[in-house]
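Reader: Before I use this model, I would like to go through its strands and overall fold with you, one question at a time.

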Amino acid sequence: MKLFDTHAHVNDEAFLDDRERMLEECFDSGVEYIVCPGCDRPTSESAVALAERYTQIYAAVGLHPEEVKTAKEEDFEYYYTTAKEHPKVVAIGEIGLDYYWDTSTKDLQKEYFIRQLAIAREVDVPIIIHDRDAHGDIMDLLRLHGKGNRGIFHCYSGSYEMARQAMKMGFYISFAGPVVFPKSTSLKEVAKEIPLDRLLVETDSPYLTPPPFRGKRNDPSKTQFVVEEIARLKGIDQEELAHITLENGKTIFNIK
């Protein structure tokens, strides 16, 4: 089974002691591509460094909503320039809104999200959207400020109706470990309905480890469990779904 983990923080400190071995094991197990997103300037830089080292890894650069208080003006110049000039940088991300942790920064999160939407349009790359407890505002901002943007709703957690609207705007819907959780009945129903040509899979490593490895560190090899669950839900062959999601990932990230 050939896999594309479209969202994995393989630059995370959780992999500090065994990153090289972990990645080689992932590649040996069938992982063809990984996109490593940035969350701020340092993690964007480390994502790019990994993309330079490994042919199978691509990077995204951007400011995560949880990191808005740390942003500097020159960081946005870095995101723009790097996305425009570096051949292994394939997206602006992860960006968006997160109202779970700190709702006091809502206005700043919105401002920086809009700003990064503009960067992605100027550079002509997709965006990777982080949306936690902010479905309404994300969709409103995309309607008002996202004309011309395309991209991915990563680790999707919304309704099918929201996904339908997002797909009409040109977005792909990506599912991670939570779709495998036994109690995620609503999410399973959404995944079952997403058209195959708009479907992506990911791990969000090192987080959200799917069964049967709950409680342990996640890594890109476990993309297979997301593929297996969605294939089961849709009643199609696992290899077929893996191939479709791999090709979808290559399409949205413009990987030849």
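Reader: Which handedness does the β-α-β unit of strand 5, helix 5 and strand 6 have?

Author: This is a predicted model, in which local features need pLDDT of at least 70, side-chain atom pairs count only at pLDDT 80 or more, and totals for chains, interfaces and linings use all residues. Residues are numbered from 1 along each chain as its sequence is written, and side-chain values use heavy atoms, without hydrogens and water. Helices (DSSP H or I runs of at least four residues) and strands (E runs of at least two) are numbered from the N terminus. A crossover is right-handed if, with the strands pointing away from the viewer, the path from the first strand over the helix to the second runs clockwise, and the unit that strand 5, helix 5 (residues 135-145) and strand 6 make is right-handed.

Reader: Which residue of strand 6 is the bridge partner of Ile127?

Author: Two strands pair if DSSP finds at least two bridges between them, and strand 5 and strand 6 (residues 151-153) are joined in the parallel sense by three bridges. In strand 6, the partner of Ile127 is Gly151.

Reader: Which residue stands opposite Ile127 on the strand 4 side?

Author: Strand 4 (residues 89-98) runs parallel to strand 5, with five bridges between them. Opposite Ile127 stands Ile92.

Reader: Is strand 5 largely enclosed or largely open?

Author: Buried means under 20% relative accessible area, exposed over 50% and partly exposed in between, with a 1.4 Å probe and protein chains only. Five of the six residues of strand 5 (residues 127-132) are buried, so the rest of the structure leaves this strand largely enclosed.
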